Each structure stands twice: as structure tokens, then as C-alpha cells.
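Hi,

Here is the structure I promised to pass on.

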Amino acid sequence: MGVWNAEWRTAALPDLASRDWDLIVVGGGICGAGILREAARRGWKCLLLEQRDFAWGTSSRSSKMVHGGLRYIAKGQFGLTRASVRERQRLLAEAPGLVEPLSFVMPHRGGFPGPKVFGGLLAVYDALAGRRNHLYYPLQQLRYLVPGLSEGGLQGGTRFFDAVTDDARLVMRVLGEARTDGGEALNGVRVVALQREQGRVTGLEAEDLESGQRFTFRTRAVAQATGAWADRLRAAQGTEHIRPLRGSHLLLPGWRLPLAHAISFMHPADGRPVFVFPWEGATVIGTTDLDHGDGLDQDARISETEVDYLLQACALQFPASGIGRRDVLSTWAGVRPVVSDGEARLKPSDEKREHALWVEPGCVTLAGGKLTTFRLLALEVLRACAGFVGRALEAGDDPVFKPCVAPAVPALSPAQRLRLLGRHGGGIAELVRWVELLGNERVGATDTLWTELAWAAEGELVLHLDDLLLRRTRLGLLLPEGACGELPRIRALCQPLLGWDDARWAREEADYLALWRRCYSLPE
């Protein structure tokens, strides 16, 4: 894949701007990465531009679940569910170590849905996936399955399976596959305007946010996958628009509320589904669903109301745990780009989660969509772009991730090798070089290795410290105070690799800690 760091970026940007492209993808989340990956494998000359950092928006702040959307069955959205469960199975098979199965338990307390109704929904769910994968547990057995669960009105529980991932690492892995096949990707490049000639998009103007320079790019087609920002550049048409909805989460230390399964239940305040689940050795409580009224260009953050809502949900299911604000390790809030027709002011949770394509000559805008189905969304966008590019879109069902094998390294356990292979794919050989230098020591109590920090700083296009600690790794979420206690050692390892002088590191550290306190901790 070649060098991919800030020095390379500075040198490559003018050259990339001078080329003629078949396709420029705007947006570096999971959908944009998927579009770039599918275009690159077909030999299209393709480039991705991201205004902040890869996965900076929703794709690093989702609920981390790769699921089929069980609740969409109740809304009659069988097509969406069928596609989702099949893509879930595909990702589980292609990316072990990155996409992992996760069992869910739905406690039944006499309300809706009861065991029979829920079992019926799961029977449909399993049929769409092509396998039976659920079981009902009476109260006596449920006590062993989920210790500490409140027994008030509890009859039993139903266990079923979905999957969980590190969403930001999923984006990076897909981008890695795209770059292997000849695609290019840049972060820190904001698209200012689309260029149109005789009613057709022929290129775009973009600003390098690092230097302030502006560049003009020529392309046969533009694919916008900008999530909540989708309305900004496209030509307005119809009544459909993006309704930004915020979903917020709390993260607890794993020891404070240890779980082997995700607990799924309806919040008594509004009947919305809420989850408490294990992730990366910690425990997540999520999620909310509210209109997001803050500006989209700032990191979203949780509100006091949402904190209370999620803590109440946890207390109702695990009253003996005594979980409170003092136990919260970190928070995150993502903005869902939900497509709304604007006619009826529905409650956020009543909005459908179907995606839409908005097409004008030379430009296709993807609106909405789910993390799980990013591959299918990418193919749909490419079909819409193919006529503009002048290429037929060959049918194919090739894997998203090329098979790769981790070299045998005595320092790594089988579990560590699988984890690194899942998160880094084809980059595993370079990562192993760092393992041989630094060993397999973990950062604090996390599963993240110091070698991963070194490799990210050297070869994963880190522009700022929050890129490294919130997206390339998740240390800013998983360690107390945003990993503040580990910053001296992180500096010693990563500052030379990033090429920052002492003044630059001091600025980056101050900016990162201010961002963490503002948007990734409890509201002050």
C-alpha cells in the first residue's frame, strides 16, 4: 500500500488534485469507505476526501453493533432486515477478530413483547438469516445467564445473536482494502463546492484544512456519502431531507458491571429499545434517539437529560449494582443521518431507517443507511454512477476483505494475533515488525498493544492526537480521563513517529484533553 502519513499527504495532495478521476467520494465514514473499496476493485480511478478524519462522524460513534435490525421486522421492513442479516453473516465470516458474534438476552417481565411474540419475531429473523439461533430461558436458568438482573416481575428471557465491532477500525480496514486495489484517500480536506458545467457536476473545489490551500479536482462523477452533512452540497430536490438524530452512550469499566451478554429491553419512559452490553473489555449503556439541534461541525456530545435516561435504564435492570455518574468512564454521541419526508413530524424513533439516493447529472448523494449494509449501499451508489463514468458495473459478489494470514510471532497469543489480523488486515506484516521491536505489552487494562499506537502513528495518516486516541485506537474512551495518565509514555513513543516538535505536541495534547472533557466525558 505504500507510505500513508502526514508527510506523504503534503507531497501527494497537489499531484492528486492534478489528475482526472473517474470517481471522487466525499465522506470518509463506513459508506464512503465502502464506495471507494468497490470502485477500486473494479479498476476505477477513485479518490476519497474526508473533511475531518476517517470515521470522525457517526462511523466512530455508533452503537458498535453489526445487526439485522430486529425491530424493523415489526415495522414491516422485511427487505431491510433480510439484507442486513445476510451482510452480518458475511462480515462475521470475512473479518473475525474485528466483527464478532454477540449474544443478546431480552428479559420478559409480563409486558410487550412477551416470550411468544418475541419468539415469533426471532423465528422470522432467523429464517431471513438462514439459521435458527435463539432460545428461551426460564427464570431459574436466566439467573445463571445474567447474574444481578432485577427479578421484579421477571418471567424468563430469550437469547438471540447479532454481532459487535470496533466501528472506526472497520472503516480503516475497508480503506486499507481500497488502497491495496489502487484507491486513494485523504483526510483533512473539506469540499467547499461542487463545480457544474451545463447543469452537470464535473469536479469540486476543496480546501486543505491543514495548510489553508485550495485545490480544484476534476472527475467524471462525485459520490457523496457525508451522512448528516448530505444536504449541504447537493442540488435540492423534493421534500426529503436529512433529519439529524443523536444517539448517546455511557461507557463503564468492565469490572463495575461485568456482562457476558448484551441485555436488550424497552425503556419504561418511552418504550424505546435500550442495550447494556460488553465491548472492548468495558460495558456500554446505549442508546438515545433525539433531534440533534447543535451544529454538525462540532463533535456531538451527550446531554444531562440523556445521562439520566441511560443511568435510569441501567438501574432498573441492575438495581443492586448501584451504578451512578461516578462510575462513568467516558461517553460518546453520534448523529444518525435519518431520511425524513418532512410532512409529518414523527417522533425520532418512528422515522424509518431506509436510505435514499438523490441523483443529479454527475453526482449521486447517499442519504441514510446502516453500518451493516455498507457494501450493498456502495454497490447501489456505483450503479447510479456508472453511466456518468462511462463504465459498465460488472456484477460480482467478491469478499470485502481479502484473505490474509498473520505471520507466526511467538510474542503474540492466538487471541492477540486474531485481533490484530481483524483490525489491520493486509497491514499485519508491518504491524508485526513493531511487535518484534516492542513486544506484546498492552496499554493499561485494555487489549490495545503499544505496537498498535506506534504503527498508527507511523502509517495510518494521523493528523491530530484525537485521531490517534479516539479512532485509530479507542484508548481515549477505554482509559480513565481520556488516557491522561498514559500520555507521557504515548508521547515518548509516538512524537518522533509523527514528526511533531515539542510545541506541536503541547498544542495537540491541550486540544485533545479539552475536546475529551467537552464531548467524551460527562457534561460539566
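**Salt bridges**

Arg-272 and Asp-289 meet through their side chains in a salt bridge, 4.0 Å from N to O. (That term covers a side-chain nitrogen of Lys or Arg within 4 Å of a carboxyl oxygen of Asp or Glu.) The pair ties together distant parts of the chain: Arg-272 is in the loop between strand 12 (262-266) and strand 13 (273-279), while Asp-289 is in the loop between strand 14 (282-286) and strand 15, 17 residues apart. Strands (E, at least two residues) and helices (H or I, at least four) are DSSP runs, numbered from the N terminus.

Keep in mind that this is a predicted model: local features need pLDDT of at least 70, side-chain atom pairs count only at pLDDT 80 or more, and totals for chains, interfaces and linings use all residues. Residues are numbered from 1 along each chain as its sequence is written, and side-chain values use heavy atoms, leaving out hydrogens and water.

Asp-289 also has a salt bridge with Arg-336, at 2.7 Å from N to O. Here Asp-289 is linked to strand 16 (residues 330-340), where Arg-336 sits, 47 residues apart. Both Asp-289 and Arg-336 are buried, and Arg-272 is buried too. Buried means under 20% relative accessible area, exposed over 50%, and partly exposed in between (1.4 Å probe, protein chains only).

Then there's Arg-232 with Asp-297, where the closest N and O atoms are 3.0 Å apart. Arg-232 counts as partly exposed because its relative accessibility is 48%; Asp-297, at 36%, is partly exposed as well.

In total, the structure holds 46 salt bridges.

Cheers
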